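These notes are for reading beside the model.

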Amino acid sequence: MKEKRINAKMISKITSQITEYYIENGAKNFHIKIDRIDSEYIIYTFGYTELPPTKVEEIKKAMSIHNDMEYGEYWELMGEGEDTDELILVARICDSVYMNYENGILELTLKKRF
């Protein structure tokens, strides 16, 4: 039971940080969907936001490294840094990350297995 609670808190923290990122960047009509298949959670997000090319590159860089086991120990610290730093931590505790930005729509898909 304790493990389920920790997993739920981690998924909640991930979605919270992604939501905060969209809101801080002026997203309109932001959506988030969480699917659970066995022990894997898939977090789908998209929102309409105008991001300059430098910001898009920051996001791509932040989300490029994922599944860093060392960072998995520090997930409870999310919420303590700058928005890009938070995306780096989110990406590193997820098993896979997909990011796309086209026509003012930012899409992020994150997967986390327990």
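This is a predicted model: local features need pLDDT of at least 70, side-chain atom pairs count only at pLDDT 80 or more; totals for chains, interfaces and linings use all residues.

1. Residues are numbered from 1 along each chain as its sequence is written, and side-chain values use heavy atoms, with hydrogens and water left out.

2. Overall layout. The chain contains three helices and four strands, in the sequence pattern α-β-β-α-α-β-β. Helices (H or I, at least four residues) and strands (E, at least two) are DSSP runs, numbered from the N terminus. Of the 114 residues, 40% count as buried; buried means under 20% relative accessible area, exposed over 50%, and partly exposed in between, with a 1.4 Å probe and protein chains only. Contact means heavy atoms within 4.5 Å. Among contacts between residues at least 6 apart in sequence, 62% join residues at least 24 apart.

3. The four strands form an open sheet with the order 1-2-4-3 and antiparallel pairing. Strand 1 (28–37) and strand 3 are its edge strands, each pairing on one side only. Two strands pair if DSSP finds at least two bridges between them; strands 1 and 2 have eight, in the antiparallel sense. His-31 stands opposite Phe-46 in strand 2. From one strand to the next, the twist averages 10°.

4. Helix 1 has 23 residues and spans 33 Å from its first C-alpha to its last, close to the 33 Å expected at 1.5 Å a residue. The expected span is 1.5 Å times one less than the number of residues. Its buried residues include Asn-7, Thr-15 and Gln-17 as well as Ile-14 and Ile-18. Helix 2 lies across strand 3 and strand 4, at about 170° to strand 3. Axes are lines fitted to C-alpha atoms, for helices over the stretch in contact, and angles run from 0 to 180 degrees between N-to-C directions.

5. The core. A nonpolar core is a set of buried Ala, Val, Leu, Ile, Met, Phe, Trp, Tyr and Cys residues joined through side-chain atoms within 4.5 Å. The largest one here has 25 residues, and those with the most contacts inside it are Ile-14, Ile-18, Ile-59, Met-63, Leu-106, Leu-108 and Leu-110. Two or more residues each come from helix 1 (2–24), strand 2, helix 2 (53–63), helix 3, strand 3 (96–102) and strand 4 (105–113). Helix 1 gives the largest share, six residues. Not counting residues up to four places away in sequence, Ile-59 touches Tyr-21, Leu-51, Leu-87, Met-99, Leu-106 and Leu-108.

6. Thr-45. This residue is in strand 2 (residues 40–48). Thr-45 counts as buried because its relative accessible area is 4%. Its side chain makes a polar contact of 2.9 Å with that of Tyr-22. A polar contact is a pair of N or O atoms within 3.5 Å; within protein, one must be able to donate a hydrogen and the other to accept it, and residues adjacent in sequence count only if both atoms are side-chain atoms. Beyond four places in sequence, the contacts of Thr-45 include Ile-18, Phe-30, His-31 and Leu-106.

7. Glu-86. This residue lies in helix 3 (residues 83–93). Is Glu-86 buried or exposed? Glu-86 counts as buried, at 7% relative accessibility. Glu-86 and Ile-18 are 68 residues apart in sequence, with their C-alpha atoms 8.6 Å apart in space.
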